[in-house]
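Here is my note on the model, in numbered points. Please read it with the structure open.

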There are 2 protein chains.
Amino acid sequence: MTGSGFRTRHLTIVGPGLIGGSLAMALRDRADTITIVDINPDTCAYALEKGIADYATDDLKAGVAEAETVILAAPVRSILDMLRNRIGSYLRSNTLVMDVGSTKHDICEAMALLPVGVGAIGGHPMTGKENSGIWAADAALFQARPFVLCPTRRTTPATHLRARSLVEALGAELIEMESVRHDRIVAGISHLPYMLSASLVATVAREAQHDDAFWRLAAGGFRDTSRLAASDIKMMGDILSTNARAVATLLAMFRVQLAMMETQLISGEYDKLVESLLPVREARLNWMETYEQKRNGNGHTPNTPR
Amino acid sequence: MTGSGFRTRHLTIVGPGLIGGSLAMALRDRADTITIVDINPDTCAYALEKGIADYATDDLKAGVAEAETVILAAPVRSILDMLRNRIGSYLRSNTLVMDVGSTKHDICEAMALLPVGVGAIGGHPMTGKENSGIWAADAALFQARPFVLCPTRRTTPATHLRARSLVEALGAELIEMESVRHDRIVAGISHLPYMLSASLVATVAREAQHDDAFWRLAAGGFRDTSRLAASDIKMMGDILSTNARAVATLLAMFRVQLAMMETQLISGEYDKLVESLLPVREARLNWMETYEQKRNGNGHTPNTPR
C-alpha cells in the first residue's frame, strides 16, 4: 500500500458536478496541475474563479492529452460513450483512468477495450449524488464514506496501487469488489429505493388529481420516502438503463417481501404482521448504529432534505 | 369562529408521548389545570417535574372525572378500547373529547357511541410521530402544520367551535374532512410509505445475509427511504390494523405505477421510462415548494433522520 502518498503531475476531471468538483478540491494539493473538461461554460468559469482548476476546456482531446490521471465524472452513458468511441486514442501511455459513475459493470467492460498501456479502474464514491453541480463541491465529501474500486482487465498492479492511494488521499473507506457484485448491491440500496420513491409519488399524484388534500396533508414521512423521486432524471435514466437486470431482480425480491406483509394485512393477521415488522425495525436500527451514525460522526451530512 | 380564544378550566391528556406532551406545553397558558393520565411512572414524573402538568395519575377514571377537555393521545387501539369500554361513564356532561390518533374512521365511529351530552371530535396533527416520547415534547410542534378535524355524531356545534379554537390556539393549519377521506389520504402519504420502507429494509436485509456489503455501502438514499421502517411497531400495528382496506387499496394502485416503470425498464424502453419519470420529479419538486418548504419556514424540522 502506498498510504497517503498519492501525487500526480497533471489531473484532469471530465464532466465535474458535485463529485468531480469535490475530487478536484480534495486532490488540490496532490496535483501540480488540474484541468477540467466540461461543455458548460458556467462550470468552467466557476472552477477557474474558485481555484478548483488551473485550466478548463470543452475539448476532451486537449483536456486529457497531458494528463497523468484522468477522472471521468460525467453521467454513466456519457462515460460509456467516451470510453467506447473517443478517449482511448487521446490518452498518453501509463495514464491512470478512473471513473466515478454509479453503475460499474458496463463501464468496466468498456475500460477493458482501452489501449494496452492505459491503466483503468472503476470507482464509485457512496456519497449521495444530488443534482447540485460543482457549486456544492466540498473537499470533505468523501471523508469516512465508502469508495468502491472495481478492477478491470486494464488494471495493472501499478494502476491498482495508484488508485488505492488516491482513494486513501480522499480520507474515504476503500472497498474493492467485482463490478457485477457492486451493481447488484447498488440496485438494492439505491436504484430500488429510487423506483419505489418515484412510484410512490406517481401514486399520490394520481390520487391528488381528485383530492389535493393528499398534497396538503403530506408531511415528514412522505418527504423522506419521496426525496429520491426528485433526483436528476438524466442521471437516473443512465443508471437504470445500465443496471436493468439487477434492478429487475431486486424489484422481484421486493415484491415478495411486500406481498407477505400485504397478505398479513388483508387477511387480518395483525399479530403476524407485527411479528414480521419487528426484525425489520431491528435491522434498520442496527444499520444506523453500526454504519451510518459513525460515518456522520464528523458532522458532515451528505444528504439533506430538499 | 372563536379565533385564538381557546380556554379551558381543566385539561386532561391521556397517554401523552411526543404529541400529547407537546399539546400540554402548547396549551399550558390556556388551561387552569392540566392532568395527565399514563401507566408509565417515568412519563408522569417527567411531566410533573417539567411543569408540563399539574397532576399525573395512572387512573383513567380519576384523571378525567374533573376534566372539561380530554385529549386521547394513546396508540389508536388503546383509544378505541377506552372509547368503547370505559371512558363514557367517567366523563362529565359537556366535556370536549378529542383524540390525536393516526387513523380516524374507527375512532369517530366509537366516539358516536359516547353518552349524549359528551361532545367528541376526531383529530390528527400531521407532525411526524416518532417514537420519541414526552421527552421530545415541543410547544411549537404544531405551528403551521396541518391539523385535521373529523366531526362525529357527537360533534355538537358548540363542540365544533371549541375544537376549532383549540387547533387555532396551537398555531396549526385547520383542515376538516370526513374520517373515511382522511384515512384514505393518510394511507397514501403515510401508511403506504411505511409499508414500502419496511419491505425495502426486509429485501436488503435478506440480501445482506449473504453479503454484508449491502449494509456497508448503503448511504443517504437508503437512509431516507428506510427511515419509516424504524417506526414504533406497536403504533404502526395499530394504525395498519385500523386502516387495512385503505392501505390495501393504495398498495394496489402503487403496484400499477411500479409495474409500468418496471415494464419500461425490463423491455429496454428507457426513453419512455425517462418520459414517465419527468412529471413525477416535477410533482415532488412542486410539493416541496408549494407546501413543505413554507411550513418549515420557521426553521422547525419535525422529522430529523435517526
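1. Overall fold. Chain A has twelve helices and eight strands. Helices (H or I, at least four residues) and strands (E, at least two) are DSSP runs, numbered from the N terminus. The radius of gyration of chain A is 21 Å, close to the 19 Å that the globule rule gives for 306 residues, so chain A is as compact as a globular protein of that length. That radius is taken over C-alpha atoms, and the rule is 2.2 Å times the number of residues to the power 0.38. Along the principal axes, the C-alpha atoms of chain A fill a box of roughly 65 × 40 × 40 Å.

2. Basis. This is a predicted model: local features need pLDDT of at least 70, side-chain atom pairs count only at pLDDT 80 or more, and totals for chains, interfaces and linings use all residues. Residues are numbered from 1 along each chain as its sequence is written, while chains are lettered from A and ligands numbered from 1 in the order in which they are written.

3. Burial and contacts. Of the 306 residues in chain A, 57% are buried. Buried means 20 or more other C-beta atoms within 10 Å of the residue's own; exposed means 12 or fewer, and partly exposed lies in between, with C-beta atoms placed from the backbone. Take the contacts in chain A between residues at least 6 apart in sequence: 72% of them join residues at least 24 apart. A contact requires C-beta atoms, placed from the backbone, within 7 Å.

4. Interface. How many residues of chain A are in contact with chain B? There are 82, and they meet 81 residues of chain B. H7(A) gives the largest share of the chain A side, 21 residues. Other elements that each supply at least two residues include helix H11 (244–266) and helix H12 (270–295) of chain A. By class, the chain A side has 55 nonpolar, 16 polar and eleven charged residues. Here Ala, Val, Leu, Ile, Met, Phe, Trp, Tyr, Cys and Pro count as nonpolar, Asp, Glu, Lys and Arg as charged, and the others, Gly among them, as polar. Of the interface residues of chain A, 99% are also interface residues in chain B, so the copies meet through the same surface.

5. Strand E7 of chain B. Five of the six residues of E7(B) (residues 146–151) are buried, so this strand is largely enclosed by the rest of the structure. Five bridges join E7(B) to strand E6 (residues 119–125) of chain B, and the two run antiparallel. Strands pair if DSSP finds at least two bridges between them. B:Ile121 stands opposite B:Pro151 in E7(B). E7(B) is also joined by four bridges to strand E8 (residues 173–176) of chain B, in parallel. In that pair, B:Phe147 stands opposite B:Leu174 in E8(B). The chain crosses from E7(B) through helix H7 (residues 157–169) of chain B to E8(B), a right-handed β-α-β crossover. Right-handed means that, with the strands pointing away from the viewer, the path from the first strand over the helix to the second runs clockwise.

6. Helix H4 of chain B. The buried residues in H4(B) (residues 76–85) include B:Val76, B:Ile79, B:Leu80 and B:Leu83. Among the elements that cover the buried residues of H4(B) are helix H3 (60–65), strand E4 (69–72) and helix H6 (105–111) of chain B.

7. The H5–E5 loop of chain B. B:Leu91 is found in this loop. B:Leu91 is buried, with 22 other C-beta atoms within 10 Å. Not counting residues up to four places away in sequence, B:Leu91 touches B:Val64, B:Val70, B:Val97 and B:Val118. B:Asn94 lies in the loop between helix H5 (87–90) and strand E5 (96–99) of chain B. Please check its backbone: B:Asn94 is not a glycine, yet has a positive phi of about 70 degrees. Most residues other than glycine have a negative phi. B:Asn94 is partly exposed, with 13 other C-beta atoms within 10 Å.

Technical notes: Contact = placed C-beta atoms within 7 Å.
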